[in-house]
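I'm jotting down what I look up as I go.

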Amino acid sequence: MESSALAKNPVARIGEKSIFVVRELGRLAIFLLRGAYNIFYFPFQFQKFIEQLYFIGMKSMLVIVLTASFTGMVLGFQGYYTLVQFGSEGVLGTMVALTLIRELGPVLTAIMITGRAGSAMAAEIGIMRISEQIDALETMNINSVRYLFSPRLAAAVISFPLLTALFDAIGIFGGYLSGCLLLGINPGIYFYRVETSVIMEDINGGFIKAVVFAVVVVTICCYQGYYTHLRKTGFGAKGVSFATTSAVVISSVLILATDYVLTSFLM
Amino acid sequence: MAEPLIQFKDVHKSFGDNHVLKGINLEIFRGEITSIIGKSGDGKSVLLKHIIGLIEQDKGLILFEGEPISKMKKAERSRLKEKFAYMFQETALFDSLTVFENIGLPLREKTSLPKKKIKEKVRDKMNQLDLEEIDHVYPSQLSGGMKKRVALARALVTDPEIILFDEPTTGLDPVRKNAVHSMISDYQKRFGFTGVVVSHEIPDIFYISQRVAMLNEGRIIFQGTAEEIKGSTNPTVQQFIQGLESRHDALTGLIPQTQGERRFREEMARMQHHLSAFSIIILTVENLYEINKMAGYEAEQAALKNFADKVRSHLRVTDICSRLGLNKIMLLLPRTNQDEAETLCKDLADKMKSDGLVNIQAFPGFCFSVSAGIAEAEQEKPIEQLVAAAESSKNVFYEFKVC
């Protein structure tokens, strides 16, 4: 009854949607601020922080190594065949290094961690919500945002830039594999170009992106899990599945969108 | 009357169009167990969640020691919360933590106790609740009854002043159900916490609670002692109690207390019309706690069940045997005066003694210590007085051990 009335009245519908979006954004901002504040609130949750650092950072290494090496190798190939048309295959090192350090490193690292750790966070916290475990924390007077979100946020802010650095280094090595070993560019020239073209601003820019992506990914994924019970569609297990899906989709889209915004500021 | 510890004043709560609580007025007193009964879906759990602040009311006041909780400052509320513990209907154990970590979590997070001390406290609670040797087991590997006990241990580990139980026995078999009730009542007596229990278990819940409140269609339609609710003339209350009450006590197979009282009134009427005397014998198992200490709550309940079975098998056909409390059985003997009742009790004691009966296998030498009190009914003497008379006489009469 109510929904059909809304369908007939588009103005009311737009109004309702807008209120929903504003409310959701407000809740998300408060969630982020509470989580960030509680990282520094004494006593520190050192053990949980280390556990999360291991889960988000250490356990993502294999996936990062694999994606980075293949990305670097593909860049080496594509770059070579494009540059050779202009007779400038010598600058392959520049192309691979700048593409990775400025753009692909932070973005792909963030997307890979979203798939591996972000979805797990959303699902774990979502299940805790629907099985009243978060309520149980609250009844014990344990701040659930501090307990669940803060250690993950801190661990992500540390591990995203480190994994990005790893991605960059392995990607450059991947470019060397395809460009130099397979296609015959002089390795000395390749690494010389890498060294001379990359300046500190490029690396800083990449790191800033990594930190921002860390905050975006962890906040969205934990938020989706934490508020599973407020979803209007899907309850229980279905709710958790929707929460996990939206966590990954929203994070990925936001990574690319914030990347554009950040790039335009950093350039 | 003393000031209530927690008081609801015209509390309303709606979820969307669903008006769940429609003006709750309820009083909970310090050091007592208050049970909240009512149909499923009438908002009992919602009511309980209001007390600890998991849900906030739309309208009305909830007072703690006379002070409205909603007007307290954040720090004050936080201090208040520390006094509470909550046992969830579905246990809400942390499924990625082991049993040991689950029970220790509130201590680890909220106190600065050293690790060794926490370990000691957790181990202590686990021993008290028969939870040995499952430290490293995860909740999903436990049976329903075990999970409830772990949840109870987690609720008790901080030694809270007030414990809220949301259907602590749902889904358990009669022995385990009674074991949980017995644990709650036992702990309450020992540590004197204030308990609020949401339950369907009628009449079992009456044995352990000092006060009962009934929730119906969003309002409290009755609150008073367990005795008072049985005497309530409100048709909804009566219908609910009688509807839920089975013809036999689930654990002992005896008829439940309320029906025992009904039979008592019938006998009383018969006495007034036909002048036929009748007597009662109250059997009290005095050392139930010792069994529990040696072999655990479930063994205690199983032993009680065996004992009740044996008593029943030795009675005359006309005798009525009903449960009176956690460890009490009332025998109603029609057309029997005091002297005959004494002879009968002596016979019963002899038969029970010679019967190689309640064998608690792990402790072969252990004996049930049962005391019996006898009283003959008199005109116009209500059941409470007669029971009291029988109980006060129990030292004069028989004390027999059943091994």
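How many helices and strands does chain A have? I found 11 helices and 0 strands, and the pattern along the sequence reads α-α-α-α-α-α-α-α-α-α-α. Helices here are DSSP runs of H or I with at least four residues, strands are runs of E with at least two, and both are numbered from the N terminus.

Ground rules: this is a predicted model, where local features need pLDDT of at least 70, side-chain atom pairs count only at pLDDT 80 or more, and totals for chains, interfaces and linings use all residues. Residues are numbered from 1 along each chain as its sequence is written, while chains are lettered from A and ligands numbered from 1 in the order in which they are written.

Next I checked the overall dimensions: the C-alpha trace of chain A spans about 70 × 50 × 30 Å along its principal axes. Of its 267 residues, 41% are buried (20 or more other C-beta atoms within 10 Å of a residue's own; 12 or fewer is exposed, in between is partly exposed; C-beta atoms are placed from the backbone).

Most residues other than glycine have a negative phi, and most peptide bonds are trans. I noted a cis bond from A:Phe42 to A:Pro43, with omega near -5 degrees. A:Pro43 sits in the loop between α2 (10-39) and α3 (46-57) of chain A.

B:Thr91 lies in the loop between β6 (84-87) and α3 (99-110). Buried or exposed, B:Thr91? It counts as buried because it has 25 C-beta neighbours inside 10 Å.
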